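Please consult the sequence and coordinates alongside the text.

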Amino acid sequence: MTSASFHRELLVHRRKVLGTLAALVACGSGPARAATWPERPINLVVPFAAGGGTDTVARLIGQKLQGTLGGTVVIDNKPGANGLIAARTVLQPPADGHMLMFGSNSTHVIAALASKQQVAPGKSMQEAFTIVSVMANAPLVLAVRADSPARDLRAFLQQAKAGKLSYGSFGAGSSAHVMGEVLAGSAGVELLHVPYKGSSPALTDLMGGQVDAVFLTVAAVEAMVTAGSVRPLAVTGLRHVSSLPAVPTFEELGVRDMGNAGWFAVFAPADTPAPVVARLAAALQSIAGDAQVQSRMVALGLEPVVSTPAQALETWRRSLAAAAPIVKKANIVF
């Protein structure tokens, strides 16, 4: 780490500490506040449209969180701008733990690196949010309609060499967009990216023939794969997905730089009182370790994760470092 980056991280940490202290002063005793929290419904803001993979997982977590905390959790879908609209909604004061964001590496890594817009005046995504817990790793899958002539990835890429094919994703600058660019570059083909405000509208257009393929989370397409209306061609990551065991990874098929899987996490505004964050983190760790939740996640093609805030922060930092050169090489800016 360079001296400049060290001082930058130190400044970010200092701002978060000062913000937390200010919040504690404003709302009274920290531990006492955490003991009574939540005092009103919690809004878990989802940055994509209802019905997609992110929304499905968020509703699972929200339902369990509601039972664990004994309060009401409302799922609030705020699609658009690859999470920027949702993020700005969550950052509206007060930062007291009643506004949370169900984010991902798309919203808090790719968007953080590629967006020209600040999530809040004078603040980067890392300065505006604290990551509470990573809940699951989320591989992506390239899929086509069941009646597509592309029976496998090789046939799909051969088609792309003969003429430009299109693929839908859940947003410009999303992890799916980045992986699509990596695939096109690695295979030496041209792929037209069509961004949507969520997985559901992308799948609707796939079935309607408006796009040739989709690059989405396994959670988003799993039901349609089971129904036989969608054919998966390959998944990101280094391991087969348990819900799609016969689908090869891109790495196995010789496509480089497709080994990174995405992830889902719960974020809170950086100024949220530390005792509230600690109580929320404990609740989320309990939920992530629940056998029923883990079984449901595996069925959705996810890898359950139990993480502390410190472990989640390390995942966030590693993802930023890994994605930065890919975003730059693909020249993804929005």
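The sections below treat confidence, a helix, a loop residue, a pocket and the cavities.

## Model and confidence

The model is predicted, so local features require pLDDT of at least 70 and side-chain atom pairs count only at pLDDT 80 or more, whereas totals for chains, interfaces and linings use all residues. Residues are numbered from 1 along each chain as its sequence is written, and side-chain values use heavy atoms, with hydrogens and water left out.

The average pLDDT (the predictor's confidence in each residue, from 0 to 100) is 89 for the protein, and 90% of the residues score at least 70. Over residues 1-7 the pLDDT is below 50, and this stretch has two contacts (heavy atoms within 4.5 Å) beyond near neighbours in sequence. Residues 17-29 also stay under 50 in pLDDT; for them the model has 14 contacts beyond four places in sequence. Where pLDDT is low, the predicted coordinates should not be read in detail.

## Helix H9

Helices (H or I, at least four residues) and strands (E, at least two) are DSSP runs, numbered from the N terminus. In helix H9, residues 199-208, the buried positions (under 20% relative accessible area, with a 1.4 Å probe and protein chains only) are Ser 199, Ala 202, Leu 203 and Leu 206. They lie on the same side of H9, because they cover an arc (taken from the directions from the helix axis to the C-beta atoms) of only 95 degrees around the axis. An α-helix has 3.6 residues a turn, so residues three or four places apart point the same way.

The packing partners of these buried residues are helices H3 (53-69) and H10 (218-227), together with strands S5 (140-145), S6 (165-169), S8 (213-217) and S9 (230-235). Just after H9, Gly 209 has a positive phi of about 85 degrees.

## Ser 174

Ser 174 belongs to the loop between S6 and helix H8 (175-187). Its relative accessible area is 0%, so Ser 174 is buried. Leaving aside neighbours within four places in sequence, Ser 174 contacts Asn 82, Ser 106, Ile 110 and Ser 169.

## Second largest pocket

On a 1 Å grid over the protein atoms alone, a pocket is an open set of points with protein on both sides within 12 Å along at least five of seven lines, a cavity is a set where a 1.4 Å probe fits but cannot get out, and lining residues have an atom within 4 Å of a point. Grid points are joined across faces, edges and corners, and a volume is the space filled by probe spheres set on the points.

The second largest pocket holds about 580 Å³. Among its 29 lining residues, Asn 260, Ala 261, Gly 262, Trp 263 and Ser 319 are the closest to its centre. Two or more lining residues come from each of H5 (105-114), S4 (129-138), H8, S10 (262-269) and H13 (309-330), and H13 has the largest share, with six. The lining comprises 15 nonpolar (Ala, Val, Leu, Ile, Met, Phe, Trp, Tyr, Cys and Pro), three charged (Asp, Glu, Lys and Arg) and eleven polar residues (the others, Gly among them).

## Cavities

The structure holds two cavities of 30 Å³ or more. The largest contains about 60 Å³, and S10 gives the most to its lining, with three residues. By class, this lining has five nonpolar, seven polar and no charged residues.

The second largest cavity has about 30 Å³ of space. Its lining consists of Phe 48, Gly 52, Gly 53, Thr 54, Phe 170, Gly 198, Ser 199 and Thr 217.

Notes
Buried means under 20% relative accessible area, exposed over 50%, partly exposed in between (1.4 Å probe, protein chains only).
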